[in-house]
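I opened the model to go through a few elements one at a time. My notes follow in the order of looking.

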Amino acid sequence: MELDQALQTFIMESRELLEAMEESLLGLETFPDDRDAINAIFRAAHTIKGSGGMFGLDGIVSFTHVVENVLDRVRNGDVDVTGDLIALLLSCRDYIGLLVELIAVDSHAQPDSETESVGKVLLEQLKSYQKVNKLQPLARTTEKSQSRTSVLPHSSTVQSDNWHISLRFGLDVLRNGMDPMAFIRYLDNMGKIVHIVTLPDAMPLSLEMDAESCYLGFEIDFQGDGVDKEAIESVFEFVQEDCSIRILPPHSHIEEYTQLINDLPEDNIYLGELLVKCGSLTKKELEEALSVQETLRQEFSVEDAPKLGHILVEQGVIQPELVDAALGKQKVAKEHKAQESKLIRVQADKLDQLINLVGEMVIAGAATSLLALRTDDAALHESTSTLSRLVEEIRDSALQLRMVQIGETFSRFNRVVRDVSREIGKDIGLDVRGAETELDKSVVEKIGDPLTHLVRNSMDHGIEKAEIRLQRGKPAKGTVFLNAYHESGSIVVEVGDDGGGLNRSRILAKALEKGLVTANQVLTDKEVFGLIFEAGFSTAEAVTNLSGRGVGMDVVKRNIEALRGTVEIDSKEGVGTTVKIRLPLTLAIIEGFLMKVGSASYVVPLDLVMECIELNESERREMRGSNYINLRGAVLPFIRLRDQFRIRDKASRIENIVVVQYAGQRAGLVVDELVGEFQTVIKPLGKLFGNLKGISGSTILGSGEVALILDVPALVHRAIGMESQIVN
Amino acid sequence: MTIHIEASNGVCRVRVTGEMTIYHAAEIKQELLPCFDLCEELEINLSEVSEMDTAGFQLLLLVKRVASREGKPLRLVEHSQATLEVLDLLNMVSYFGDPVMMPRTMH
């Protein structure tokens with residue numbers, strides 16, 4: 001039992017560490033030199049490995065061990081942080097997460113063969129970072145090579161009057177929007193490229209070759225009158241993060257060429273020949289260079305080489321703004337930590353039980369108040385009113401316990417957006433707003449999947465390709481945004497994009513073809529866009545023929561409706577699309593408005609009530625037979641609850657209209673009597689009444705009677721629907 | 001960008017029209033590589049290539065290298081001005097070994 005609990009703690013800690021690891025890895029993409037992030041990632045892996053060992057979780061330990069080794073090399077500067085490495089480490093993180101989740105389900109679980117093979121592939125990929133990098137060059141080693149040559153006995157210089165420039169472009173240079181050819185062209189304008197050799201060798205043949213990665217290297221023999229090293233460096237200034245550049249001035253020492261040959265990833269002999277081909281070295285000079293290399297190898301042991309490289313990086317040129325950014329990061333991390341120590345972990349079911357008890361207390365409190373009102377005891381009145389105020393406060397803070405900020409859910413999408421944008425090859429950023437908006441934990445848990453679906457949809461079909469965007473005068477980089485805010489008792493979550501928008505006529509044509517609408521139906525834009533949520537739209541054909549969308553949107557809609565929410569879509573062609581999800585704030589206790597029809601009591605959520613209007617005799621006569629009134633110049637459709645629920649009690653002499661609003665639409669509910677505000681503990685109706693339209697739950701009044709909670713969205717919809725039918 | 005592929009008598013004739021740039025690189029790659037499974041010879045007509053960047057150039061390299069690995073001949077024909085300019089800048093005309101018409105203005 002003890003061990004079990006400890007294991008639970010391990011699993012929970014691991015999840016947190018993995019989350020922190022992901023955050024830091026994503027941060028590294030922007031600031032590859034962020035020492036703190038690298039350290040944090042290392043620590044996370046280290047801790048998981050360590051605590052995993054305590055439980056004898058060999059699978060996790062052995063895998064994490066390899067990851068930790070690579071991270072250690074990164075930390076020591078032996079391995080450069082590249083986009084590929086980050087992507088690989090993210091996959092490793094996911095894999096460790098997978099192993100942890102397996103343990104969470106069954107502490108003795110062994111990964112199946114499929115999972116294991118994934119692990120093997122990752123280990124294979126990690127291997128290249130464990131060894132190969134000894135020969136891999138680091139950027140800006142030119143100075144180093146110079147300092148090293150000074151130790152050597154003075155020797156001859158090469159004959160060539162030209163500069164020699166070695167370029168090895170990083171994989172991501174194209175994706176970062178830069179074209180290596182443009183730099184070479186520019187260089188050609190500055191002086192004269194006497195000779196250039198293009199190195200295609202790093203390119204994998206066949207399918208692994210990513211057409212958007214750059215695999216090229218160049219050896220350039222460059223002649224520039226009055227051009228200095230700084231000027232040449234400045235040509236490659238924009239690309240220096242993504243490119244290893246080495247510049248040798250005219251008449252360099254042969255040792256410097258030796259060093260160059262040594263530092264470049266290609267085979268030494270092959271390189272030497274390239275240099276000769278380039279005209280930078282003569283045959284004789286090459287032979288000399290290679291022999292110097294032998295001497296060097298004896299003087300400096302092989303292990304020495306990479307270490308020299310990393311000292312350089314540490315002393316090396318780090319821009320001040322990067323330091324500032326790192327400091328900013330540090331501060332955020334500290335605040336994060338301080339917040340963590342203020343939190344207590346509580347079992348979710350304990351919290352649920354508390355909420356249930358508070359619910360019962362609210363009902364019992366209402367009963368007590370009712371009893372007290374029947375007496376004339378003033379002291380008792382006062383005491384019960386204090387009590388009910390306190391109960392209200394307890395209710396609010398108990399519910400508050402379940403509320404979580406949506407930001408945590410949103411932040412997961414950084415990863416989703418990053419991964420998907422790489423997958424589909426579009427440059428897309430994520431813009432998060434309203435992250436501090438709170439909603440019930442149970443809702444947050446269930447909203448993740450629909451949101452993921454919508455975000456993917458936006459990225460895949462919503463956002464156009466870069467050149468179309470540029471044609472339309474939009475920035476090449478697309479934006480997906482997530483937004484959340486409160487609106488009259490609901491929380492609204494928006495998923496939007498600045499993409500191409502929906503094509504109304506195409507959707508309509510498709511819907512006609514599918515028989516979802518008839519040709520003479522008059523539909524608003526919203527209704528047309530809403531059609532993509534219909535099950536019939538989720539065909540592969542819709543993806544290619546339409547401007548996309550509609551894949552599994554019906555599933556999204558169903559998921560949202562299961563949470564008692566609604567979903568609608570706004571779109572402007574060429575400008576973008578926004579999907580609005582509206583969800584109830586909480587699922588347990590609400591502030592209600594109690595009203596009566598005959599002897600039956602009904603409750604609507606107070607937040608949805610706009611106003612109440614008393615109807616006098618003449619007005620009642622006027623509106624007999626119709627379903628709308630004139631409310632200050634606007635048409636207000638209404639529903640008579642008496643008719644709706646077929647209440648046979650004698651009609652009362654007074655009637656009132658309760659004006660409710662949902663999703664920007666108003667409708668009136670005609671009732672007999674207005675009772676007032678009421679603390680409503682929502683009790684589900686049970687399966688038997690699951691299909692009941694217009695009622696969303698029940699509650700118990702202080703007197704012990706049952707009151708039904710009205711499903712306002714459904715009633716508003718019905719009132720407006722009836723009205724427009726008559727008009728048509 | 002459009003890509004047109006025609007296979008007859010074991011020869012694939014490919015014509016790329018428009019930009020051979022990063023924006024279409026993945027797409028073009030996907031069209032080109034399967035050609036090697038279809039035929040014994042590949043001919044790429046570059047006359048309609050309006051623009052070529054490093055990504056587009058890399059694709060030519062890829063095709064060339066795959067072709068030599070598979071032992072299948074590759075011909076690049078009717079180079080457009082944009083293509084020639086790239087091959088000339090990177091000194092790769094002789095690497096591909098195809099006869100080209102170098103306009104006078106470029107030298």
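I looked up what covers the buried residues of α22(A) and found that the cover includes α17 (441-462), β10 (566-572) and β11 (576-584) of chain A. The model is a predicted one, and I read these contacts as such.

Next I listed the residues being covered. In helix α22 of chain A, residues 553-562, the buried ones are A:Met553, A:Val556, A:Lys557 and A:Ile560. I viewed them down the axis of α22(A): they fall within an arc of 95 degrees, so they line one face of the helix. I also checked what follows α22(A), and noted A:Arg564 with a positive phi, near 60 degrees.

I then turned to a sheet in chain A. This sheet is open and has five strands in the order β14-β17-β18-β16-β15, and the pairing is mixed. At the edges I found β14 (609-615) and β15 (628-631) of chain A; each has a single partner strand, so one side of each is left without a neighbour in the sheet. The twist from one strand to the next averages 30 degrees.

Within the sheet I followed one pair. Strands β17 (residues 655-662) and β18 (residues 665-671) of chain A run antiparallel and are joined by seven bridges. For A:Val658 I looked up the bridge partner in β18(A), which is A:Leu669.

Last, I took down the confidence values. Chain B has an average pLDDT of 86, with 94% of its residues scoring at least 70. For the model I recorded ipTM 0.89 and pTM 0.47.

Technical notes. Residues are numbered from 1 along each chain as its sequence is written. Chains are lettered from A and ligands numbered from 1 in the order in which they are written. This is a predicted model: local features need pLDDT of at least 70, side-chain atom pairs count only at pLDDT 80 or more; totals for chains, interfaces and linings use all residues. A residue is buried if 20 or more other C-beta atoms lie within 10 Å of its own, exposed if 12 or fewer, and partly exposed in between; C-beta atoms are placed from the backbone. Helices (H or I, at least four residues) and strands (E, at least two) are DSSP runs, numbered from the N terminus. The arc is that of the directions from the helix axis to the C-beta atoms. Two residues are in contact if their C-beta atoms, placed from the backbone, lie within 7 Å. Two strands pair if DSSP finds at least two bridges between them. Axes are lines fitted to C-alpha atoms, for helices over the stretch in contact, and angles run from 0 to 180 degrees between N-to-C directions. pLDDT is the predictor's confidence in each residue, from 0 to 100.
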